[in-house]
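User: I would like to learn how to read the features of a protein model. Could you take me through one step by step?

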Amino acid sequence: TATQPTEFAPSAARPALSPEAHAIVSVRDVKKAFGAHQVLRGVSLEVEKGTAAALIGPSGSGKSTILRCINGLVDIDEGEVHAAGHAVHTLHSDKDRIALRKDVSMVFQQYNLFPHMTVLENVMLAPINVLRQSKDEVEARAVELLAKVRLSGKEKSFPGQLSGGQQQRVAIARSLAMRPGVMLFDEVTAALDPETVKEVLNTIRDLVAEGMTSILVTHEMRFAREVAHQVFFTDKGLIVESGSPKEFFDDPRDPRTREFLSHVL
Ligand code: ADP
Ligand code: MG
């Protein structure tokens, strides 16, 4: 059931909401169709600065599409999206979208590191090319980020020499190198061997504990419960339930949520 013991440290992982916190991501009544398929049917959610939100729901319910609307990979049909100071629904130029993705960074199930570049070079690439910072500055920061994701000593390794979980942590460090204000995680542990899932979840937990605003699409229910401040449940292109993890997991109201949780908990 929902009250399993946990290996994640909840109090350290979850700073309290501050009264002056404000929405850094706001999705308002967003609709999106692909051809005749209405994939988002009026989605609204808000995420406050420094907090983590978990997006949970059945496969095909629109979770990835919501994340893609937030970082401008999908153009919405109706509604508004604001993220890290960008009015995403108004952006049309590539330049604006590149600026958005510096501030709102997405990590995917497939980490897509460059295999011919070292771990350090993978993390340094975007800041050098996009932020145009000096190589020394970028390298010092990349070494720091690799320490943060607990990969000190792997700087000179190539991706193929690392486990899936280690490669995913390199991908997270690569995202952080852009100093984003918001991180989007789309099922980042779904393709990993079970023994490396936890190390990636621990890395994300550390980031949330430091106040990194995060939206997590995940099937790891215990992790969502321990780390997220808010849970949103999606079904067929709608958010049908939202609340604190405690409300959501202990006392789900919507029959669709109850049905889903009965299968995954
Ligand atoms: P989830 O992440 O919850 O599994 P998705 O957001 O990936 O769901 O997809 C929701 C629905 O939208 C699915 O039916 C999927 O096939 C469809 N879909 C997503 N992206 C596209 C696209 N680019 N073109 C057509 N259909 C899409
Ligand atoms: Mg998805």
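User: What should I know before starting?

Analyst: This is a predicted model, in which local features need pLDDT of at least 70 and side-chain atom pairs count only at pLDDT 80 or more, while totals for chains, interfaces and linings use all residues. Residues are numbered from 1 along each chain as its sequence is written, and chains are lettered from A and ligands numbered from 1 in the order in which they are written.

User: What does the UniProt record place at residues 25-261?

Analyst: UniProt positions are given in the numbering used here, with shortened feature names, and annotations may be inferred rather than shown by experiment. The record, an unreviewed entry, places "domain: ABC transporter" at residues 25-261. That span is 40% helix and 26% strand, and its end C-alpha atoms lie 26 Å apart.

User: How do I read a sheet, and what is the order of the 6 strands?

Analyst: Helices (H or I, at least four residues) and strands (E, at least two) are DSSP runs, numbered from the N terminus. Two strands pair if DSSP finds at least two bridges between them. Here 6 strands make an open sheet with mixed pairing, in the order E6-E7-E8-E3-E9-E10. Strand E6 (104-107) and strand E10 (238-243) are its edges, each pairing on one side only. On average, neighbouring strands of this sheet are turned by 20° against each other, direction ignored; the axes behind such angles are lines fitted to C-alpha atoms, for helices over the stretch in contact, and angles run from 0 to 180 degrees between N-to-C directions.

User: Which way do E6 and E7 run, parallel or antiparallel?

Analyst: E6 and strand E7 (residues 182-186) run parallel and are joined by 4 bridges. Met106 stands opposite Leu184 in E7.

User: Which residues of E6 are buried?

Analyst: In a regular strand the side chains alternate between the two faces of the sheet. A residue is buried if 20 or more other C-beta atoms lie within 10 Å of its own, exposed if 12 or fewer, and partly exposed in between, with C-beta atoms placed from the backbone. In E6, Val104 and Met106 on one side are buried, and so are Ser105 and Val107 on the other; both faces are covered.

User: What is the order of the sheet of 4 strands?

Analyst: That open sheet has the order E2-E1-E4-E5, with antiparallel pairing. E2 and strand E5 (86-87) are the edge strands. Between E1 and strand E4 (residues 78-83) there are 5 bridges, and Val27 has Val81 as its bridge partner in E4.

User: How many residues does H7 have?

Analyst: The expected span of a helix is 1.5 Å times one less than its number of residues. Helix H7 (residues 194-209) has 16 residues and reaches 23 Å from its first C-alpha to its last, close to the 22 Å expected. Buried residues in H7 include Val200, Leu201 and Ile204. Gly211, with a positive phi near 95°, follows H7.

User: Why does Asn112 count as exposed?

Analyst: Asn112 is exposed because it has 12 other C-beta atoms within 10 Å. Asn112 lies in the loop between E6 and helix H4 (119-131) and, although not a glycine, has a positive phi of about 50°. Arg179 is in the loop between helix H6 (164-176) and E7, with phi near 50°.

User: Which residues are around ligand 1?

Analyst: A residue is near a molecule or strand if its C-beta atom, placed from the backbone, lies within 6 Å of it. Around ligand 1, the residues include Phe34, His37, Gly62 and Lys63. Nonpolar means Ala, Val, Leu, Ile, Met, Phe, Trp, Tyr, Cys and Pro; charged means Asp, Glu, Lys and Arg; the others, Gly among them, are polar. The shell has 2 nonpolar, 8 polar and 1 charged residues. Helix H2 gives the most, with 3 residues. Phe34, in strand E1 (residues 23-34), counts as exposed because it has 10 C-beta neighbours inside 10 Å.
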